[in-house]
Amino acid sequence: MLDHCSISHRGGVVLWSRSFTPEASHVASSAASPVNSLIREALIEGRTAEQKYEKDGYAVKWTFFNDLELIFVVAYQRILQLAYVDDLLTAIKALFIKLFEPFLTTFVASLHAMNTGKSTPSSQNGNTSWNFTKAFDGWDGVFDNLLKTFEDKAAQERKSRFRPQARANQVGSESPSEDDSTVPTESPDVTQDEQRIARNVQALKNRLRGRGGRHGGRVAPRADSGASGQVSENESSKRKTKTKTQRKWGDEVPTESDMATLDFSLDKPDAGMDGRLASDLKSLVDSASLGTRTKDGLYEVKDWDFGNKGDASVIAKALNQEAAQRATSSLGALGSLFARLTGSKVLTEQDLKPVLEGMKQHLMKKNVAKEIADKVCEGVGQGLVGKKVGGFQTTSNTVRSALSASLTSILTPKTSTDLLLSIRTKLSSPSQKRVPYTITFVGVNGVGKSTNLSKVCFWLIQNNLRVLIAACDTFRSGAVEQLRVHVRNLSMLGVDGATDSKGRVELFEKGYGKDAAAIAKEAIAHAKENGFDVVLIDTAGRMQDNEPLMRALAKLVTVNSPDKIIFVGEALVGNEAVDQLTKFDRALRDFSSASSGKSRGIDGMLVTKWDTVDDKVGAALSMTYVTGQPIIFVGCGQTYTDLRQLRVDSVVQAILSD
């Protein structure tokens with residue numbers, strides 16, 4: 001059953017709409033309408049190639065009619081599997097255009113005339129308002145009949161799934177035919193061993209009886225409890241007596257003092273400080289990659305510099321005559337195509353097909369996921385279809401601006417990336433009890449969550465903030481010790497060159513095998529009592545398909561409600577980035593909303609190993625496209641200063657570069 005259906009113009013004018021429930025009618029008239037969210041978060045951002053958009057339990061599908069700039073939208077409950085929605089949208093579009101095309105053509109022409117400042121006969125007469133109820137009279141009945149047809153067809157298909165089984169039951173219940181041909185034949189060569197069958201039946205009964213005992217049912221004692229009873233008693237005694245033997249190092253069990261000498265994550269009071277501390281500090285901080293201080297004294301990390309690669313993009317090269325002669329160019333077909341266009345021409349899908357194919361290949365060479373490259377190219381194509389080009393230069397500007405605008409729209413943050421401003425805003429808010437700002441780092445195994453968490457910690461320390469690191473990775477061996485080493489190193493790195501920042505960073509840990517959500521909760525409470533400004537929560541790495549671990553992560557998020565959830569991913573991945581982020585974000589939203597009713601997803605990304613990909617920065621485009629959230633930092637080295645920020649124009653230039 002549908003919840004809402006609407007037909008509107010791309011300029012925002014709603015031509016017709018229908019809500020099927022009072023709740024859907026209330027939601028549709030509010031700012032939280034799924035249709036409004038679709039326009040804000042998908043259509044405006046250029047995500048027009050998506051097959052479905054989901055928001056607050058609703059699934060939204062849509063289709064365009066570009067000639068008249070119309071959008072047909074259908075919204076329904078996400079839990080419902082309505083297979084007929086795509087066919088319904090196609091039928092609605094065809095019928096609506098067929099019935100009201102003259103009126104729609106006049107209406108769209110008047111809108112363009114108003115935008116360009118030209119007057120129309122209707123506007124000269126003062127008739128600038130449109131009566132859509134009168135214009136679309138009779139459409140409600142057509143829509144009802146159309147919807148009923150598809151719903152009845154879907155109901156018949158559901159019923160037909162059970163018909164073969166019912167017919168089989170009917171055939172089995174009929175009386176057997178007296179025809180000799182239907183009498184089953186029995187091969188005399190096949191003999192039935194009755195004793196073997198009896199043994200198999202008895203073995204099956206024993207197995208079922210034992211299985212029921214495991215589930216808590218009481219098993220009746222056997223009559224033949226002779227030898228078998230003795231065997232079971234011997235086996236149970238062996239299980240009880242068998243214990244894990246302690247591992248011995250050398251001739252004796254190591255003492256606590258021996259173990260302490262092997263733990264290099266702790267500070268040694270007898271460690272030599274003559275020249276060794278200075279060399280350690282130099283290895284922890286790269287002076288060339290240090291950030292800068294603003295006039296307000298804030299420490300800002302540097303922007304990532306892609307180097308001087310020139311201003312010419314691959315599309316600009318493809319659109320000149322020299323690039324058109326090179327068949328080896330990834331987008332050479334683009335220039336050769338438009339070089340043949342002369343005079344005024346309206347671009348069609350057939351004209352743009354080779355251009356978009358070359359564009360897709362180029363994006364994939366830049367490490368953009370194939371699925372994302374397809375959608376970006378499809379969105380660019382939809383923006384170019386129907387445009388008039390008047391010459392070679394006009395075509396060059398049109399294509400270049402279309403692709404650049406699409407990439408810029410995708411990469412431009414929709415929320416603030418100033419993390420320091422968010423922290424200071426929360427800390428300065430008037431409240432009875434000062435609450436620290438909490439950031440949770442999540443991601444798959446081995447991407448560098450703990451290392452880059454320490455880089456973020458260094459950045460916070462340089463801005464005079466007290467940081468508490470919560471060791472919530474209670475599974476990986478050495479995870480707590482790794483953070484302990486980072487805290488020890490960061491304690492030696494002061495602010496503005498000072499050699500001591502103890503008290504500004506501490507580690508909160510409870511060892512291994514504990515509940516990560518409980519440790520994070522205790523860490524936040526400890527931070528409140530001891531005046532810490534920020535709590536950085538380190539979590540265990542987990543694969544996106546591991547449902548139990550994803551539920552545990554959602555529990556940590558639900559219990560502690562962190563201010564930011566940062567996904568840590570690698571710049572080296574291509575298609576895997578889409579799968580990781582999609583499943584992490586979906587799992588967090590589904591499991592958190594199921595337990596608390598409030599959905600929480602990924603708030604931003606931190607991309608590691610950025611210095612290993614040169615200008616193949618497609619992972620940034622893929623990650624941003626999937627979640628719509630910004631990339632806050634990128635990691636680019638092994639020292640605490642190797643943290644950078646991204647500029648949208650630099651990333652777009654790197655993607656378009658040859």
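How many nonpolar, polar and charged residues are in the lining of the largest cavity? By class, the lining has five nonpolar, two polar and one charged residues. Here Ala, Val, Leu, Ile, Met, Phe, Trp, Tyr, Cys and Pro count as nonpolar, Asp, Glu, Lys and Arg as charged, and the others, Gly among them, as polar.

The model is predicted: local features need pLDDT of at least 70, side-chain atom pairs count only at pLDDT 80 or more, and totals for chains, interfaces and linings use all residues. Residues are numbered from 1 along each chain as its sequence is written, and side-chain values use heavy atoms, with hydrogens and water left out.

Start with the empty space. Rolling a probe the size of a water molecule over the atoms shows where such space is left. On a 1 Å grid over the protein atoms alone, a cavity is a set of points where a 1.4 Å probe fits but cannot get out, and lining residues have an atom within 4 Å of a point. Points are joined across faces, edges and corners, and a volume is the space filled by probe spheres set on them. A search of the whole structure finds one cavity of 30 Å³ or more. The largest cavity has a volume of about 40 Å³. Its lining is made of Asp3, His4, Ala24, Val27, Ala28, Ser33, Pro34 and Tyr58. Two elements, β1 (2–9) and α1 (22–28), each give two or more residues to this lining. Helix α1 gives the most, with three. Helices (H or I, at least four residues) and strands (E, at least two) are DSSP runs, numbered from the N terminus.

Next comes α16, residues 370–384. This helix has 15 residues and reaches 21 Å from its first C-alpha to its last, close to the 21 Å expected. The expected span is 1.5 Å times one less than the number of residues. Buried residues (under 20% relative accessible area, 1.4 Å probe, protein chains only) of α16 include Lys375, Val376 and Val380. Just after the helix, Gly386 takes a positive phi of about 95°.

Ser406 lies in helix α17, residues 392–411. Ser406 is buried, because its relative accessible area is 13%. Beyond its neighbours within four places in sequence, Ser406 is in contact (heavy atoms within 4.5 Å) with Val376 and Val380.

Last, the sheet. Nine strands form an open sheet with mixed pairing, in the order β8-β18-β17-β16-β15-β11-β14-β12-β13. Pairing requires at least two DSSP bridges between two strands. The edge strands, β8 (302–303) and β13 (505–508), each pair on one side only. Strands β17 (631–635) and β18 (643–645) pair in the antiparallel sense over two bridges. Leu643 in β18 is the bridge partner of Gly635.

How values were computed. On a 1 Å grid over the protein atoms alone, a cavity is a set of points where a 1.4 Å probe fits but cannot get out, and a pocket is an open set with protein on both sides within 12 Å along at least five of seven lines; lining residues have an atom within 4 Å of a point. Buried means under 20% relative accessible area, exposed over 50%, partly exposed in between (1.4 Å probe, protein chains only).
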